[in-house]
Amino acid sequence: QASENPMSNVPSDLRYTPDHEWLRPGATCAVGITAFAVEQLGDITLVDLPAVGTVVEKGARFGTIESVKSVSDLYAPISGTVTAVNGALKDSPEAVNGDCYAAWMVEITPSDAGQIDALLAADAYSATLH
């Protein structure tokens, strides 16, 4: 079974971190992990996320994701407050394997919207994958 090339699966409307998180810009920003990260992790078995109201700092750990291969930290792409958590992932962490861009993890209301502009655009992120 041929897997899709993760290089081609980098939506252009999102911003990215070198740690393979994506962010959908907005008044509140959805955050998840990229197809490349999912491919590295393999079958995801647990997503551990913070509570709504948690204040996160750009670059700091906000949760963990576990797969059959490893446990990885999730890093906040921006500073702000967690205003929503995707509770469905508690029961169905494998949804991230199914469509990592639909299976967002948290929504963050940014404390400094300027940080969004500092994140990688799709082409710059894709360039880090080669």
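This is a predicted model: local features need pLDDT of at least 70, side-chain atom pairs count only at pLDDT 80 or more; totals for chains, interfaces and linings use all residues.

A nonpolar core is a set of buried Ala, Val, Leu, Ile, Met, Phe, Trp, Tyr and Cys residues joined through side-chain atoms within 4.5 Å.

**Stop 1: the core**

Select Ile33, Val96 and Met105. These are the residues with the most contacts inside the largest nonpolar core, which has 37 residues. Next, colour the elements that each supply at least two residues of this core: S2, strand S3 (29-33), helix H1 (35-41), S4, S6, S9 and H5. H1 gives the largest share, five residues.

Now centre on Val96. Which residues is Val96 in contact with, leaving aside its neighbours within four places in sequence? The list is Ile33, Val38, Ile44, Val47, Leu89, Ala103 and Met105.

**Stop 2**

Select strand S4 (44-48), strand S6 (residues 61-67) and strand S7 (71-75). Together they make an open sheet, ordered S4-S6-S7, with antiparallel pairing. S4 and S7 are the edge strands, each pairing on one side only. From one strand to the next the twist averages 25°.

S4 and S6 are joined over four bridges in the antiparallel sense. Show Val47 and look across to S6: Ile65 stands opposite.

For a reference point, show Gly63, whose bridge partner in S7 is Leu74.

**Stop 3: the salt bridge**

Side chains of opposite charge can pair when their charged atoms come close. Here the N to O distance is 3.9 Å, and the two side chains meet in a salt bridge. The structure holds one salt bridge. Arg61 sits in strand S6 and Asp73 in strand S7, twelve residues apart. Asp73, at 34%, is partly exposed.

**Stop 4: the aromatic pairs**

A pair of aromatic rings is described by the distance of the centres and the angle of the planes. The model has two aromatic pairs.

Select Tyr16 and Tyr125. The ring centres are 4.7 Å apart and the planes lie at 10°, so this pair is stacked. Tyr16 belongs to strand S1 (residues 15-16) and Tyr125 to helix H5 (residues 122-128), so the pair links parts of the chain 109 residues apart. Tyr16 is buried at 1% relative accessibility, and Tyr125 is buried with a relative accessible area of 1%.

Finish with Trp22 and Tyr101. Their ring centres are 6.0 Å apart with planes at 45°, so the pair counts as tilted. Trp22 is in strand S2 (residues 21-24), while Tyr101 is in the loop between helix H3 (95-98) and strand S9 (106-110); the pair ties together parts 79 residues apart in sequence. Trp22 is buried at 0%, and Tyr101 is buried at 9%.

Definitions and conventions. Residues are numbered from 1 along each chain as its sequence is written. Side-chain values use heavy atoms; hydrogens and water are left out. Two strands pair if DSSP finds at least two bridges between them. Axes are lines fitted to C-alpha atoms, for helices over the stretch in contact, and angles run from 0 to 180 degrees between N-to-C directions. Rings of Phe, Tyr and Trp (its six-membered ring) pair if their centres lie within 6.5 Å; planes under 30 degrees apart count as stacked, over 60 as edge-to-face and the rest as tilted. Buried means under 20% relative accessible area, exposed over 50%, partly exposed in between (1.4 Å probe, protein chains only). A salt bridge is a side-chain nitrogen of Lys or Arg within 4 Å of a carboxyl oxygen of Asp or Glu. Contact means heavy atoms within 4.5 Å.
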